Amino acid sequence: MTETTAETMPVPGAVTGLTHAEVEARTAAGETNAVVEVTSRPLSEIVRANVFTRFNGLLGALLVLVLLTGSYKNALFGIALVVNSLLGIGQEWHAKRKLDSLAVLHAPRATVLRDGVCTEIPSAGMVRGDVVALRPGDQVSADGPILVCDNLEVDESNLTGESDAVDKSVGESVSSGTAVVAGTGWYRAEVVGQDATAQRLAAEAKVFTRAHSEVQHSTNVLLRWLTWIVLVMLPISAWSQWRAVGDKGWQEVVLRTAAGMVGLVPEGLVVLTTLAFLLAAVQLTRKQALVQELPAVELLARVDVICVDKTGTLTEGEIVFEDLHVLDGESEPEILAVVAALADDTAGNQTSKALARAFPDPVHEVTDRAAFSSARKWSGGVVEGQAWLLGAPDVLLPPTTDPDLVARVHAASDAGRRVLLLARADGLPPTGEAPTGVRPAAIIELAELVRHDARETLDFFRAQGVRVVVISGDTPRTVTAVARDVGLDAGEPVDARTLPESEPELADIVDRTTIFGRVTPTQKRAIVRALQSRGHVVAMTGDGVNDVLALKDADIGIAMGNGAQATKAVAQLVLLDSRFAHLPSVLAEGRRLIGNVERVASLFVTKNVMSAVSILAAAFLGLAYPFLPSQLTLVSTLTIGIPAAILALGPNDRRYQPGFLRRVLAISLPAGAVAGVSAFAVYAVLSEGVVHASVASTAALTSLLVTMLWLLSCLARPYRVWKVVVVATMSGLAALAYLLPAGRSFFAISADPSALGWGLVTGAIGAAVVEVAFRISRARVPTVEAGHHRPEPGELESMEARPLGTRPHHAASRR
């Protein structure tokens, strides 16, 4: 058997490639296929995004003013400003390097002819004038004319939107961005790099992240609202503080105004949200999952329907020859010789390779050949003057076929076999026409290897309320047999050739069907769209060129690492080792990201609401703002900054529910209002008395710390040892600020016991109200649907830690 590799790709004598000297000269001239891939942001953009923000600009201006007052300890928030920016730059740069290197490692490759030798190189290494091979599954990487071809068909849907493959002949051009679906050939790359068709289109469409992210969208909405709130509150705060403490000098006005504004700015929210996405993507690379668009991590956690292709997802994608049945009236030696001749593995598909392995020594030549096409579902050739067809029985069998033969085909399909029919024909029909004079000669049975972890993965998704739909180009019987073999409730399978074109009618069928067979590439896309029309968030897995259209339209496209280059190019997520069992780990990362960013956002927005309430109360009552910048830095660091960074990276297996922003506001609005009212109330009452101003400020600070620490304890639920340690440590550090003389001096904390007493009382009241608000907000969010199992910590990753168990078995196990 001859494998179709770079070294064995047939090279017609008429084709000549470039010499080594020509390649070097054109590389030096910049005539290469290298392009700037926007897989992540460049360093300059990373720095700009983390430093030059509107909130950093505001905090920077306030920092300068506070430094001018000479109160350097109240400029402590400037350190957090710098650290946040440096941390964001450093972590994103580290993640960028890792993701970019992995993307390069798995970049598309091409087979070129140089110095008369076939060589496989990265597509970016091609130069103008290179002679490039065309094989099924290859993505065309440059534009140029076809030099030689054999039954070449190209999918140009990426460029034209038309799903039907286009027949190509010598002299016609192929364009980058298209994909070979059948036949073989060679073309000369005349237009390369940024000038190629695909790159011209991609330059207009590619961005850093393209998929929709509810988390990022909600965070951006929050930032827009807070921007307007800051613009409104700044003049109010400055005016009210000038009235309240203007007699103490401009320095006191600046300090009190700066404190209010610092409380309104979510200085770490953007950094932590970005890092959560990046670190999740980096974490997944360790599990052989390459995230090509950052929101893909979140998207899988939101998916409620996952569409899978049988081959390469439920099965290993490897097909083996199982049996051959010569029909009555045919000569077995002749049939074996014909199969050996037609078993041309240069076609590149698994069926051809399986037959070539089983019949390695052909004695006849094929004088005319029709390559396999997924649209017509057969291939053919002329052997010793006789036309032979090899393909799907339900396509080739004539209506008058013997019922016993039909029953044999159905029986093999029911057993999970992939069945091919070998038949004589009057001739090879022109493209688009049905064959005539078809006379069945033999039945060939092939078997697929079921993935050893497919059953566990499907059981997991079923337990999590994610519906699995199998859509395949194979017969419904074959697909159903494999689905049942992996424990999927197949129900009544549907032959896609009977599906209506009307989307509402199709959506009704898709809603109640699990198995679809004989699905064309266009129908796969239609099924995905029908599911989306019913409000479902749809994931699509695939490995073949025929999956590209559906992958592009799905909410998240997941490609197998051993799949076609075109498939990997359009997917948001690539499973590098092609293991379907990695998806639960991706789901775990998505859940962790959504749940943890929700916790972090709730903490930040609570502080913002508290500051707004305090600013308005101070303006209304004509009092000074109750906190100094150093005191708010203490609160922000111990109740938001440090714990938020830890919580953002911890495990979180809560099932996704829509309404991220609504849930954040449901807890942060009441909690922030309570924290602001309780702190300002004790401050206002004590300010009216004869106590020193520092006593009133300390009481307000104590009340705010107690309330915010309690909110932190609420958001840390359900408790784990590490979470209890975090809350206890933050509480202990807050206590040290009160107990140590240096802490009291730095944060302007009064040693008067009444300040601590009043603060603890109002803080306890505030904490009680926060507890009630938290319970109400969580009661509105369902946790796990009835009858479904909530995974224990670590269960999502457990499948990858288990032994492989028994070796992969045939889908067509003998019964």
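The legends below describe close-up views of a predicted model.

Residues are numbered from 1 along each chain as its sequence is written, and side-chain values use heavy atoms, without hydrogens and water. In this predicted model, local features need pLDDT of at least 70 and side-chain atom pairs count only at pLDDT 80 or more, while totals for chains, interfaces and linings use all residues.

**View 1. Two cysteines, C149 and C307.** C149 is partly exposed, because its relative accessibility is 27%. C307, at 0% relative accessibility, counts as buried. Buried means under 20% relative accessible area, exposed over 50%, and partly exposed in between (1.4 Å probe, protein chains only). The whole structure has 0 disulfides, a disulfide being a pair of cysteine sulfur atoms within 2.5 Å.

**View 2. The aromatic pair F321 and F359.** The structure holds 6 aromatic pairs. F321 and F359 form an edge-to-face pair, 5.3 Å centre to centre with 75 degrees between the planes. F321 lies in strand β10 (residues 315–326) and F359 in the loop between α13 (350–358) and β11 (366–373), so the pair ties together parts 38 residues apart in sequence. Helices (H or I, at least four residues) and strands (E, at least two) are DSSP runs, numbered from the N terminus. F321 is partly exposed at 28% relative accessible area, whereas F359 is buried at 14%.

**View 3. The aromatic pair Y625 and F627.** This pair is also edge-to-face, with 5.8 Å between centres and 75 degrees between planes. Both Y625 and F627 are buried. Rings of Phe, Tyr and Trp (its six-membered ring) pair if their centres lie within 6.5 Å; planes under 30 degrees apart count as stacked, over 60 as edge-to-face and the rest as tilted.

**View 4. A ring cluster.** F460, F461 and F580 are linked into a cluster by ring pairs.
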